Amino acid sequence: MELICIVCPKSCHLTVDGDKVSGNGCKRGELFAKEEAIAPKRSVTTTVATAFCDFPVLPVKTESDIPKAKIEELMQFVRGLYVTKKLKCGDVVAENILGLGINLVATESVFTQKQEVSE
Amino acid sequence: MSRIFDVAVIGGGPAGLAAAVSASENGASVALIERESRLGGILKQCVHDGFGLIRFGQKLAGPEYAERYIELLKNTKTEVFLTTFVTAVKKADFGFSIAIVNKEGISHIDTKTIVLATGCRERTSKQVLIQGTRPSGVFTAGVAQNFVNLLGKMPTKKCVILGSGDIGLIMARRLTLEGAEVEGVYEVKPTPSGLTRNIHQCLFDFNIPLHLSTTVTRVFGEDRLNTVEVAQVDEKMKVVEGTERIIECDALILSVGLIPENEIAETLDVKINNATKGAECDQTYMTSVDGIFSAGNALNVFDLVDYVSESAQSAGASAADYQGTKREYIEIERGKGLLSFVPTRLDILGKLDKVILFFRAARDMDKAKLILKINGEIKLEKKFSYLRPPEMQRLELDLQNYGLDGSSKVLLTLEEGWN
């Protein structure tokens with residue numbers, strides 16, 4: 001099986017043969033290849049609608065990778081979310097999404113960043 | 001007497017943030033000037049992850065990466081000017097006087113040195129010559145990204161993407177996730193412009209076709225774009241007759257390249273490099289004008305923000321250390337096989353033991369070898385299993401023991417084939 005590693009921008013060309021991985025530049029590439037061959041996972045980044053007109057959307061990400069096959073379902077779920085609290089970077093937006101045991105977290109503290117000249 | 005800063009950084013994106021933090025940490029008084037109402041630059045709208053693997057050893061989303069630097073900046077005494085536009089920069093006996101406009105009116109910031117961290121701009125439809133009407137619905141990928149990720153508005157239901165630059169690939173995935181149909185990505189060149197991993201994780205993961213050696217030839221639509229025509233091109237980039245195809249869609253998204261933003265640099269007569277389209281610079285990131293430094297995408301369009309930060313960190317430190325000491329330059333000649341590199345020149349009176357070289361290959365190369373020649377003699381060779389133009393390389397060079405002087409000829413070349 002031929003794969004392109006997506007762990008880092010080097011984009012190594014990987015070959016998976018049984019449980020043997022070649023072409024990887026680092027250990028993370030080997031782990032990626034083994035997982036990708038059996039059950040591919042991806043991190044998902046997107047935005048969630050908010051109640052605040054200055055920042056109509058809040059950037060979020062899955063705290064860790066989720067099964068690739070679940071991405072569509074996750075997006076459906078995210079479309080139903082609506083943030084009414086002034087969350088900070090790292091705050092949980094939704095717990096245990098799709099029962100995967102993974103949280104959706106904010107990736108920006110837009111509401112608390114200072115916005116004007118400090119004197 | 002009005003205050004004179006040691007360093008003024010123009011631009012509050014990743015390069016400006018890193019330059020300001022680094023200049024402050026090196027003891028300089030720093031002014032950071034940003035035209036938008038908050039810091040972070042383009043990272044604010046880059047909600048995807050993959051940033052910071054080198055700098056922080058972690059996969060961060062764009063805003064997270066920016067926030068790390070904003071936090072670092074808060075620990076310094078940098079004076080931040082938000083919603084502030086630079087209208088002109090003039091030389092003065094103490095350094096430079098920067099004319100600014102903000103809500104307090106027109107004023108100026110006086111400084112001994114400047115770091116230009118103005119980033120880059122996207123090529124627009126005017127620069128790629130597409131025939132047809134002029135309907136709305138033609139966006140650059142960055143504008144589409146701004147709509148979706150900052151304003152929460154979808155600019156399209158079904159689109160065609162022209163160009164396979166990284167932002168275009170990222171937007172193909174982003175728009176698909178948000179429910180739009182991306183009919184395909186069209187690239188006029190025979191090879192993709194973006195990183196290989198992005199071709200895979202943004203296009204192939206979502207079954208978005210990539211059409212190489214194919215371009216958009218015409219757009220149709222009165223008020224709003226409703227159709228585009230695509231066609232294949234030959235090796236000379238001429239349209240192959242009979243290959244035209246019509247696609248109904250409501251938007252054409254362009255990801256056709258980035259150009260360093262050097263409007264301010266040009267008014268100061270900073271020399272621009274033909275290959276990078278950014279300023280000529282030495283190993284301390286100083287441009288051809290004494291006291292003016294350049295970093296990040298304004299200097300050279302990097303593909304990793306980590307390298308943007310690294311270049312800006314050096315530029316900030318150099319600006320903080322700047323004493324106006326005498327420099328003597330030799331240009332680095334760009335030989336065969338290289339698309340571009342920085343630094344483009346060396347100050348032979350300055351430090352030469354840790355010169356960070358960033359370079360791109362001119363074409364896809366397997367078993368490539370970077371060769372550094374001084375006065376015709378090979379001094380250094382570095383092997384690479386493969387090189388691709390979209391993937392910038394970074395090398396640390398020790399050039400202090402080569403006896404460089406003002407008459408030395410330094411040549412960099414890339415050759416293919418080694419065993």
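Reply: Chain B is divided into domain 1 (1-122 + 258-324), domain 2 (124-256) and domain 3 (326-419). Those bounds come from an automatic or database domain assignment. This is a predicted model: local features need pLDDT of at least 70, side-chain atom pairs count only at pLDDT 80 or more, and totals for chains, interfaces and linings use all residues. Residues are numbered from 1 along each chain as its sequence is written, while chains are lettered from A and ligands numbered from 1 in the order in which they are written.

Me: How many residues of domain 1 of chain B are in contact with domain 2 of chain B?

Reply: Contact means that the C-beta atoms of two residues, placed from the backbone, lie within 7 Å. Six residues of domain 1 of chain B touch 11 residues of domain 2 of chain B. On the domain 1 side, one is nonpolar, two are polar and three are charged. Here Ala, Val, Leu, Ile, Met, Phe, Trp, Tyr, Cys and Pro count as nonpolar, Asp, Glu, Lys and Arg as charged, and the others, Gly among them, as polar. The C-alpha centres of these two domains of chain B are 31 Å apart.

Me: Which domains does chain A have?

Reply: The assignment for chain A gives domain 1 (2-38) and domain 2 (45-106). Their C-alpha centres are separated by 28 Å.

Me: How many residues does each chain give to the contact between chains A and B?

Reply: Chain B gives 28 residues and chain A gives 26. On chain B, the elements with two or more residues in this contact are α2 (62-74), β5 (79-81), α3 (141-151) and α5 (196-203). Helices (H or I, at least four residues) and strands (E, at least two) are DSSP runs, numbered from the N terminus. By class, the chain B side has 12 nonpolar, eight polar and eight charged residues.

Me: What describes two packed helices?

Reply: The angle between their axes and the distance between the axes. Axes are lines fitted to C-alpha atoms, for helices over the stretch in contact, and angles run from 0 to 180 degrees between N-to-C directions. Take helix α1 (residues 14-25) of chain B and α2(B): their axes come within 9 Å and cross at roughly 25°. That makes α1(B) roughly parallel to α2(B). Angles under 35 degrees count as roughly parallel, over 145 as roughly antiparallel, 65 to 115 as roughly perpendicular and the rest as oblique. The residues in this contact are 10 nonpolar, no polar and no charged.

Me: What is the angle between α4(B) and α5(B)?

Reply: Helix α4 (residues 166-177) of chain B packs on α5(B) at about 15°, with the axes 8 Å apart. These two helices are therefore roughly parallel to each other. Asp166(B), Leu169(B), Ile170(B), Ala172(B) and Arg173(B) of α4(B) meet Asn198(B), Ile199(B), Cys202(B) and Leu203(B) of α5(B). The contact has six nonpolar, one polar and two charged residues.

Me: How do strands of a sheet pair?

Reply: Through backbone hydrogen bonds, either parallel or antiparallel. Two strands pair if DSSP finds at least two bridges between them. Strands β6 (residues 85-92) and β7 (residues 95-102) of chain B run antiparallel, joined by seven bridges. Phe85(B) has Val101(B) as its bridge partner in β7(B). A hairpin of two residues joins β6(B) to β7(B).

Me: What is the strand order of the open sheet in chain A?

Reply: Its five strands run in the order β8-β5-β6-β10-β9, with mixed pairing. The edge strands of chain A are β8 (82-83) and β9 (92-94), each pairing on one side only.
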